[in-house]
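Dear colleague,

Please find the structure below, followed by a summary of what was found in it.

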Amino acid sequence: MTISLAPVCDARAPIARANPVAKLTAAVAVSTTALIASDWLTPLLLLAALLAVVPFSGIRIGALARRLRWLWSAALIVVVVNAVFAAEQTGRILIALGPLEISTGALLDATAIGLRVLVAATAGVLGFATTDPTDLADALTQQLRAPARFTLGALAALRLLPLMGAEWRQITSARRARGLEGGWNPARRVRLFVSTMFALLVGAIRRAGRLAAAMDARGFDSEIPRTYAREQRMYAADWAVIAGALLVCATAVAVSAAYGVFTAF
Amino acid sequence: MIPVEFRGFAWRHAGRRAQAVTGVDLRVEPGERVLLLGPSGSGKSTLLAALAGLLTEDSGEQDGDVLIDGKPAAEQQDRVGILFQDPETQLVMARSGDDVAFGLENQAVPRDRIWPRVREALAAVGFPYGVDRPTHALSGGEQQRLALAGVLARRPDLILLDEPTANLDPEGARDVRAALRTALADTEATLIVVEHRVAEILDLVDRVIALGPGGTLLADGPAEAVLAEHGDHLAAQGVWVPGVPLPTRPALAAGDVALHGESLTLLHPGTDHPALDDVSFQLRQGELLAVTGPNGSGKSTLALLAGGLAKPTRGRSTVPGETRPLHRLPARRLATRIGSVFQDPEHQFVTATVQDELAFGPRQAGWPKDRIDARVSELLERLRLAPLANANPHTLSGGEARRLSVAGALAAAPGVLLLDEPTFGQDRRTWGELVDLTADIRDEGTALLAVTHDRDFAAALAGRELVLNAGRIAEERRR
């Protein structure tokens, strides 16, 4: 088990180079629009727009597909569950297996819900897969004036995450050596999981304490306003990313309304 | 160049009854290079933390003054740099250059002046990579040099080093000492260093201050004079004094084969270089086999596979009387066949008291109650843990925790014991205790395998030595 949050894209691509706060704003705008709209056309248009952006993100299609695989499967399950267990089946019956019925109306509603999940997930993955966590922390601090104690603290904690994977394996081996393992007994497995998790947390808290002391010893707790070694700025291109996202959202809603299918909530 | 002074300084950690240090009066002159010596519990780290301004009001109670250049240490944080022993928990950022820059940002250094100073500091410690090198891809020694660059870049007038090489393998420690040597030659800063391994650091200092329990002053003066006059006493207190001979415990004759490793190989999925490649060995009753080699050579992997704690890609580890390889045994049976002691004792503690910890293995193995009780009292006596029988294992000192983890692994009477870096980071007194304990276990007929960087430990106990390199046996030495 290795935990990695490093970006998986070509750093020179236009989207990868955009200011993280601009990307964050754009992703939030698109996701929010998709979640507010409850018809099927708006999220479909938004999804099409997101896929059109992929070539500019610098992410290899294979890597993106791997990251999205689980989310797309989840969206599919959402569609099936909502279609089968819809409150009322309207329109033509498509499938009838005993008590199980799926109608066109229910399928359309379910597809709309699944599409909303997809849009939010894809926007999030596009944003995070093209963003270096350090750049995100810098932009949050410099553009949104988020406190450095929060952003850099989170960044330092992130650096400790991979250590926890290694430590989990060590604790598990150490416990097997003591004669302790879950085996086939589910109750014992759960108990062991909880106690291993506890040992891991104790170690993590101790480590976090030492890291905090080391950061303060290098002046992190001084009252002087910090300077920034890496500058993050909003360039015209970054404003264009935000404007583009808003334009896409407005267009999707307008087209959907023009077709007469737009509904909200 | 600034003076440092403790005046009647005392500190009690919040939640503790006793003071960590009491009535410390010390003065260090501007530009002096001081080695602070003393056994565990003499408060050396507390004194350094006080100077670094890390003893805040809510973390305990202070008496007296800690003055840096005549002002309280808490107000002088900007002029002090401290290097701790654990490299992993000193680095903040994902890229090396950013990490050095972190301390300069906190000092409000303007951006155009940050990067030249970052490069200068990295060069001063002989950092072999560029500023974009990911910090997680560095070895322990490289990480520690990076942390040192982070300290130096802030241009402190007082540099504090808290056992800077204690957590490193020998190669990493050597590189860090070389970096310290060049870097300190370029600065006039006052230096205070805490270190158990005196010999390696002696040429960096011109004064030695030796502390006793609670921070009482044992000796103070030029290094040679202090060590000549108080060497034996300091060695008995746990300091690694150069020239004081170490004990050796040669083995008696070895018995039958107790553990057999056959072609042990481990290939992590997604890699093409095996962590361990076709390693075979035999381990006999009453002998200690030392496994040595540089970091990443597969020593710890060998211990995991030999101990049946991980499934080998190929090969097997067996003990006489078991037809199945060890990795296929259920854990409770495994613990009666082979004991493994890990580097971090706390990972192995699974109960709330010392005596439960000792009873755990036998209970898992299904021993009758009176046999368990007899075994527990025997181990408590032998390992001098009887007064701590009801203590929580997590509250023990380093040496006690180490003894308990060995005792716990031995409790269910396995014939084989595997030790991973048993002496890592221990002071000399605990080291001597561990050598004696290990020799006693060995001479009772237990077969021992010890993964170790510690040449002195191997020399004191090992009959044979297996040198690993890049996952393979490079050499087998007889002693």
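Which residues of S13(B) lie on one side and which on the other, and are they buried or exposed? B:Leu288, B:Ala290 and B:Thr292 are on one side, B:Leu289 and B:Val291 are on the other, and all are buried (20 or more other C-beta atoms within 10 Å of the residue's own, with C-beta atoms placed from the backbone). Strands here are DSSP runs of E of at least two residues and helices are runs of H or I of at least four, numbered from the N terminus.

This is a predicted model: local features need pLDDT of at least 70, side-chain atom pairs count only at pLDDT 80 or more, and totals for chains, interfaces and linings use all residues. Residues are numbered from 1 along each chain as its sequence is written, while chains are lettered from A and ligands numbered from 1 in the order in which they are written.

S13(B) covers residues 288–292. Strand S17 (447–451) of chain B runs parallel to S13(B) and is joined to it by 4 bridges (pairing requires at least two DSSP bridges), with B:Leu288 opposite B:Leu448. Strand S18 (464–469) of chain B is likewise parallel to S13(B), through 4 bridges, and B:Ala290 stands opposite B:Glu465.

Chain B is divided into domain 1 (4–237) and domain 2 (257–478), with bounds from an automatic or database domain assignment. Their centres, taken over C-alpha atoms, are 34 Å apart. In contact (C-beta atoms, placed from the backbone, within 7 Å) are 11 residues of domain 1 and 9 residues of domain 2. Helices H5 (170–185) and H7 (223–237) of chain B each give two or more residues to the domain 1 side.

Between the chains, the contact takes 52 residues from chain B and 40 residues from chain A. On the chain B side, H2(B) gives the most, with 7 residues.

Yours sincerely

Notes:
Contact = placed C-beta atoms within 7 Å. Buried ≥ 20, exposed ≤ 12 C-beta atoms within 10 Å, placed from the backbone.
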